[in-house]
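Have a look at it first, and then we'll stop at a couple of spots.

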Amino acid sequence: MTYRQRVARAVARQDRDILTASQRLELDLISAVTEAQGQALVYLGQLQRGTDGRLLATRENQNRILRLNRLFLEWMQNAGLDSALRRFFQSFDRDGDYMPPAFREVWEIVTGELKTPLRLPRWTRGDIAAFRGIKIAAGVVIEDAIEAAGENAMKQLLFNVGGLSVDELQSVILSQFRRSVGESRTLAATAQSSYYRTINARAFERIQEQADFELRYSFEGPIDKLTRPWCLKMAKASKSGKSWTRPQIEVMRNDETRGKSQPPNVFVSCGGFNCRHQWVLSLNQEVTGRARSRSQR
Amino acid sequence: MPVLALSGSNAIDAGAYFLNLEAQFLPTTAEMIWVGERQRTRILERTARGVDYLNRPFAPYSTKRPHYWYPSGGSIRSGLRRDTTLSRGQVRSGQNITEQAAARLRDFQDSLSQADRTSRRLFAKLRLSRRPGVATRTPIGIKFASYAAFKRSLGRGTVDLRGPHAPHMLQAITVSAMGDTIKLEITGDAADRAHGHNEGTSTLPRRRFFDASVLEQVEMQDELWEMMQARLDRL
C-alpha cells in the first residue's frame, strides 16, 4: 500500500467513526422525537371536542395548545435526549487526550517516511482551552438544531391533529353551544386568528431572546369600511411609519371606551373579536445602531 | 470588534478566541427567523400595495360573474339547504316531526333571522341602497354584480388579496427555521386558497405574492449578515 493510500485509509476510518456516532445520535433523536410525539398525541387527545369529534375553540383548549411547546421539549428530555447528546460528545472524548486515533496513526505514517522523525505535539493549556471552546460551541449549535427540530415536529403535529377549519368550527359551536350564527362565526374566526398570531408571537420571542435591542412591530392589515376605529387608528399610524415595542403593545387597550382589551392581550388578539390585523416586524428598525444594510442606504 | 488583550489580567487566549470565532460564523436559528419574519413583512406590505413579488400589479378582480357575500359565514347556506329539505320532507310525508328536529328547525329559523339582520346592517353600513345595480339583498346575504364591485363597496380599489372576514389567508403565513433553511409557509384552511392565487387556476388568474425576488433575497442576505455582525461584535 502506498503512503497516500495508508493516510487515506486512516482518515476514512476516522470519518466512519464520526458517521457511526452521528448515525447513532440520529437514531436516538428520532426515538426521542417519536416518543415526544406520542406523548403529545395523548395530551392533544385530552382537548375538548364536540360530539362529532371536532375540536372546540375554548379557552382551556387554547391554554393547553400554548403549553405544548414547552412540554414537547420536556418530553424529549425525558425520552433520553440529554443522555443521547452526552453519549455523542463522549464518543469524541478520550479522558483529556485530545489526540484522536486517526491523528496519531497519520502522524506515525508521516513520521515513518521522514529522515528526521517528527515529535508528537504536546498540547498546551491554551490548546486544550481552545478545544474545549470548540466543543462547547459545537454543542450549542447541535442543541439549537435539535430544539428547532423538536419545535417543527410539534408544530406539524399541531397542524395535523388540531388544524381548525373555520366553517367546521362554526357549525360545531353553533350546534353544541346553541350560540347564534353571528356569535359562532365570531368565536371560530377569532380562535383561528389568535392561533396564527400565537405562532408568530413565539417566533418573535425566539428572536428577542438573542437580540440585544428591542424588536419593533407594525400593525398590518386591511383599511376599509369594515375596519373598527381602534384598528383603523393603529393601521394608519403604522402606514405613516410608527412602530411599537412589545412592552408598549402589552399595555394597550383595544376597547378604549371600557378601558380594557377584549379578548385580553393585544399582542395576540390585536383589535379584538374578528380582527383581521396582525403584528409584523417593522422594517424601519436599526440593528443595535449598526450601519444600515446596503438596500436601506 | 473588541480589543484583544493578550497580556495582563484580562488577557485571553488568542488561539482559543480565533478558533471559537470560526464556529460563530454560522447563523443561529433566531437570526434566520429574524430574516424570515422581515420577508413576511415585505410580502404583506407589497401585497397590500397590489403588486406581486416582481413588483408587477396583480390581475384585477373579476367583473364577469355575480358574487354572493354571506356575512354570517358560508355554512349558513349549506345549513339552509340541508335542514329545510329535511324538515320540509318530514312535514310533506305527514310524519311527526321529532322534538329534536323541531328544536333544530327553531334554531335554524333563529339563525336565518340573525343572518338576515346582519346582512341588513351591513347593507346599510356600506350604503349599498344608493348603488342600484351593484348590490341587492338576499334572505341571508348580499348579491353583488361582481367580485370587483364587492371589493369596491368595501372601500378597497386595490387588489390586495384580503377578504372581509378573519382569518384571512395572509394571517396564516408562519415562519420557522431549521438547519440552513428558513421556511415561510401557509398551512391549514388557507393553504389551498393561497396556492390558487399564487399559481393560478382555471377560474383564478395567477397572482404570485408568495415568493421572493432576487432583490428581496439580497436584502435577506444583508439582514442576516447584519444580525450576525451584531452578535460577533459582542463576543
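**A loop aspartate and some aromatic rings**

Keep in mind that this is a predicted model. You'll find A:Asp224 in the loop of chain A that runs between strand 1 (216-220) and helix 8 (229-239). Is A:Asp224 buried or exposed? Its relative accessibility is 9%, so A:Asp224 counts as buried. The side chain of A:Asp224 has a polar contact of 2.8 Å with the side chain of A:Arg276, and it also reaches the backbone nitrogen of A:Leu226 at 2.9 Å.

Now for the rings. Searching the whole structure turns up 14 aromatic pairs over all chains. Take A:Phe204 and A:Phe267: their ring centres are 6.1 Å apart and their planes sit at 75°, so this pair is edge-to-face. The pair links distant parts of the chain, with A:Phe204 in helix 7 (residues 181-210) and A:Phe267 in helix 10 (residues 266-269), 63 residues apart. Both A:Phe204 and A:Phe267 are buried.

Another pair is A:Phe219 with A:Trp279, which is edge-to-face because the centres are 5.0 Å apart and the planes are at 65°. Here A:Phe219 comes from strand 1 and A:Trp279 from strand 3 (residues 278-281), 60 residues apart. A:Phe219 is buried, at 3% relative accessible area, and A:Trp279 is buried with 3%.

Finally, A:Arg246 lies over the face of A:Phe267, 3.9 Å from the ring centre.

Definitions and conventions. Residues are numbered from 1 along each chain as its sequence is written. Chains are lettered from A and ligands numbered from 1 in the order in which they are written. This is a predicted model: local features need pLDDT of at least 70, side-chain atom pairs count only at pLDDT 80 or more; totals for chains, interfaces and linings use all residues. Side-chain values use heavy atoms; hydrogens and water are left out. Helices (H or I, at least four residues) and strands (E, at least two) are DSSP runs, numbered from the N terminus. Buried means under 20% relative accessible area, exposed over 50%, partly exposed in between (1.4 Å probe, protein chains only). A polar contact is a pair of N or O atoms within 3.5 Å; within protein, one must be able to donate a hydrogen and the other to accept it, and residues adjacent in sequence count only if both atoms are side-chain atoms. Rings of Phe, Tyr and Trp (its six-membered ring) pair if their centres lie within 6.5 Å; planes under 30 degrees apart count as stacked, over 60 as edge-to-face and the rest as tilted. A charge sits over a ring if NZ of Lys or CZ of Arg is within 6 Å of the ring centre and within 35 degrees of the ring normal.
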